[in-house]
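Dear colleague,

Please find below the structure that I am handing over to you.

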Amino acid sequence: MKIEEPLKTTVEELRRLLDVKNLVGEPLETEDKILIPVMKMGVGFGAGMGEGRSSSSEGGAGSGAGAAAGVEPIAVIVILKDVRGPDGVRVIDLRSAGTGRIIQELGSTVTEVIKELSDNKKSEESSEE
C-alpha cells in the first residue's frame, strides 16, 4: 500500500485551508469606521502506513493521512474613516483587552450593522409587495 495519495490529498486540503482569507476576516463597515477581524490558526497533521499479518495466508496493509485546524479570533483592526494617517488606525488585542473595552468598541458597530441588515430586509419585503 502506498501512502503518497493520502498524503497528497491531505497536503492539498491544508494548502487550501491555510489561505490568508481564513486569517483576516471580511471587513465590517459602518458610517465612521471599518473593523477587520484577525484570527490565529493552529494545524495538526499526521500520516502513517503499516502492514499486518493475519491468521490466513493473506497479509493486510493500509495507509492514511489526516489533518485538523482550529481558528481563534485574536485581534480587531479598527480604521476610523474621518482620521487620516496612523492616528486613524487602532488594533484591539482580544486576548488582553478587557471585555468592557471590546464591547464598547464593537457595540456601536454591531448595532449599526444589524440596523443596516434590518433596513435592507424591510426594503426587500416592501419591494416584493
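I begin with a pair of charged side chains: those of Glu 29 and Lys 81 meet in a salt bridge, with 2.7 Å from N to O. A salt bridge here is a side-chain nitrogen of Lys or Arg within 4 Å of a carboxyl oxygen of Asp or Glu. Glu 29 belongs to strand 1 and Lys 81 to the loop between strand 3 (59–80) and strand 4 (89–93), so the pair ties together parts that are 52 residues apart in sequence. Helices (H or I, at least four residues) and strands (E, at least two) are DSSP runs, numbered from the N terminus. In general, side chains of opposite charge can pair when their charged atoms come close.

Please note that this is a predicted model, in which local features need pLDDT of at least 70 and side-chain atom pairs count only at pLDDT 80 or more, while totals for chains, interfaces and linings use all residues. Residues are numbered from 1 along each chain as its sequence is written, and side-chain values use heavy atoms, with hydrogens and water left out.

The structure holds two salt bridges. In the other one, the side chains of Lys 40 and Glu 72 meet at 3.7 Å, N to O. Lys 40 is in strand 2 (residues 33–53) and Glu 72 in strand 3, so this pair ties together parts that are 32 residues apart in sequence.

How accessible are these side chains? Lys 81 counts as partly exposed because its relative accessibility is 36%. Lys 40, at 39%, is also partly exposed, and Glu 72 is partly exposed with a relative accessible area of 36%. Buried means under 20% relative accessible area, exposed over 50%, and partly exposed in between (1.4 Å probe, protein chains only).

As for the overall arrangement, the chain has two helices and four strands, which follow the pattern α-β-β-β-β-α along the sequence. Of its 129 residues, 18% count as buried.

The largest nonpolar core has five residues: Leu 35, Val 76, Val 78, Leu 80 and Ile 92. Strand 3 gives the largest share of this core, three residues. A nonpolar core is a set of buried Ala, Val, Leu, Ile, Met, Phe, Trp, Tyr and Cys residues joined through side-chain atoms within 4.5 Å.

Leu 17, Leu 18 and Val 43 make a nonpolar surface patch of about 230 Å², and Leu 18 lies in the loop between helix 1 (4–17) and strand 1 (28–29). Patches are made of residues with over 30% relative accessible area and no salt bridge; like charges are joined within 9 Å, and nonpolar side chains (Val, Leu, Ile, Met, Phe, Trp, Tyr) within 5 Å. Accessible areas come from the Shrake-Rupley method with a 1.4 Å probe, and for residues only the protein chains shown count as cover.

Glu 31, Asp 32, Asp 82 and Glu 116 gather in a surface patch of negative charge. Lys and Arg count as positive and Asp and Glu as negative, while His and the chain ends are not counted. The place of a charge is taken as NZ of Lys, CZ of Arg, CG of Asp or CD of Glu. Glu 116 is found in helix 2 (residues 99–128) and, at 45% relative accessibility, counts as partly exposed.

Yours sincerely
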